[in-house]
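Student: I would like to learn how to read the features of a protein model. Could we go through one together?

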Amino acid sequence: MSASRRVLLGAALGGAAGAAVGLPTATTAHAASWQQKWAPSASVNGLGAFETIEDDRADSHTSASPHIYATGNNWRFNMHTVDRDTSTDRQRQEVTGLRNGSGSNYLKWTEGQTWRITYSMYIPSSLKATTTFTHIMQMKQPGSGTSPLVVQSLRRVNGVQTIELKLAIDNLLIGRTNLEPLHNKWTDVDFQIKVGNGSAGTVRWILTSGGSTVIDASKTGVDTFLADRVRPKWGIYRSLGDTSGSLQDTYLLLTNLRGYQLV
């Protein structure tokens, strides 16, 4: 790895100067820095932390509702093998967006802006990687029928369970690592995105477990914008087409969700 590449990947986190890959450089007036814009609490804000809730949209398993709810300091997403989305070849229990307060008071990620999301996720061993898509985070343009821009997925590769980040619109792999060592424990996620059209975008993805960095992967000069704005999604969104026998009743836990903008 070249010295210049190490500098780019050695970006300071938290409120420090925004030296991360592809992020705006400091101006003569001030150094660009991460400013916290979103810090919900599951115990206080509950599902009010999110812009929208997609819980059993097809009413396929109402006896198990709600599938998404706050429990203590965590947000929990339950998925059962009988659950179906409105497209019956897949399952979906997801939340979208970053809400501050009520009404339309949610954060909008628009072209040219740089955002960072940090949180911890607990992936039980029952939430397995599959031969078809199992997404646990997406970045999308809001609206029905829009394609995902970025996906964090659990995917079987040559029989091995992995967790990966891809630029979905270009089918470009950002990074991938083994999933099984992350099962049944908390993993910290640091995701950064510069919203840019054509080749103006940047993404960086960091996973940390037990105080050690599992993966730190990034891409510059990529497309991270379709139209309107970019909106994050979390939860379990998976295809029923898996051929590995990995679909089980399962769940996902999230906690300590934080949102920052580079300004």
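Student: Where is the place of Pro66?

Tutor: Pro66 is in the loop between strand S2 (52-55) and strand S3 (68-71). Helices (H or I, at least four residues) and strands (E, at least two) are DSSP runs, numbered from the N terminus. This is a predicted model, in which local features need pLDDT of at least 70 and side-chain atom pairs count only at pLDDT 80 or more, while totals for chains, interfaces and linings use all residues. Residues are numbered from 1 along each chain as its sequence is written, and side-chain values use heavy atoms, with hydrogens and water left out.

Student: What is the peptide bond from Ser65 to Pro66?

Tutor: Most peptide bonds are trans, and most residues other than glycine have a negative phi. The bond from Ser65 to Pro66 is cis, with omega near -5°.

Student: Which value does phi take at Asn158, and where does Asn158 lie?

Tutor: Phi of Asn158 is near 55°, a positive value in a residue other than glycine. Asn158 belongs to the loop between strand S8 (148-157) and strand S9 (160-167).

Student: Is Asn158 buried or exposed?

Tutor: Buried means under 20% relative accessible area, exposed over 50%, and partly exposed in between (1.4 Å probe, protein chains only). Asn158 has 82% relative accessibility, so Asn158 counts as exposed. Asn256 also has a positive phi near 55° and is a residue other than glycine, but Asn256 is found in strand S15 (residues 250-262). With a relative accessible area of 46%, Asn256 is partly exposed.

Student: How many helices and strands are in the protein?

Tutor: The protein has two helices and 15 strands. Of its 263 residues, 51% count as buried.

Student: What order do the strands of the open sheet have?

Tutor: Two strands pair if DSSP finds at least two bridges between them. The open sheet has seven strands in the order S2-S5-S14-S7-S8-S9-S10, with antiparallel pairing. S2 and strand S10 (172-178) stand at the edges with a single partner strand each, so one side of each is left without a neighbour in the sheet. From one strand to the next, the twist averages 20°; for such angles, axes are lines fitted to C-alpha atoms, for helices over the stretch in contact, and angles run from 0 to 180 degrees between N-to-C directions. At the S2 end, S2 pairs with strand S5 (residues 90-96) in the antiparallel sense over four bridges. There, Ile53 has Val95 in S5 as its bridge partner.

Student: Which strands pair with S11?

Tutor: Strand S6 (residues 114-122) is joined to strand S11 (residues 186-194) by nine bridges, and the two run antiparallel. S11 also pairs with strand S12 (residues 201-209), in the antiparallel sense, over seven bridges. Asp190 can be followed through both pairings: Asp190 is the partner of Thr118, and Ile206 in S12 is the partner of Asp190. S11 and S12 form a hairpin with six residues between them, and Gly198 in the turn has a positive phi of about 65°.

Student: Which residues touch the most other members of the largest nonpolar core?

Tutor: In soluble globular proteins, nonpolar side chains tend to be buried together. A nonpolar core is a set of buried Ala, Val, Leu, Ile, Met, Phe, Trp, Tyr and Cys residues joined through side-chain atoms within 4.5 Å. The largest one here has 48 residues, of which Trp109, Met121, Ile163 and Trp234 touch the most other members. Its largest share, four residues, comes from S6.

Student: Is Met121 buried or exposed?

Tutor: Met121 lies in strand S6 and, at 1% relative accessibility, counts as buried. Contact means heavy atoms within 4.5 Å. Leaving aside neighbours within four places in sequence, Met121 is in contact with residues including Ile136, Ile163, Trp186, Leu207 and Leu253. The C-alpha atoms of Met121 and Thr255 are separated by 6.6 Å, although these residues are 134 residues apart along the chain.

Student: Which side chain does a polar contact join to that of Glu51?

Tutor: A polar contact is a pair of N or O atoms within 3.5 Å; within protein, one must be able to donate a hydrogen and the other to accept it, and residues adjacent in sequence count only if both atoms are side-chain atoms. The side chains of Glu51 and Arg229 are joined by such a contact of 2.8 Å. Glu51 lies in the loop between helix H2 (42-45) and S2, and is buried, with a relative accessible area of 11%.
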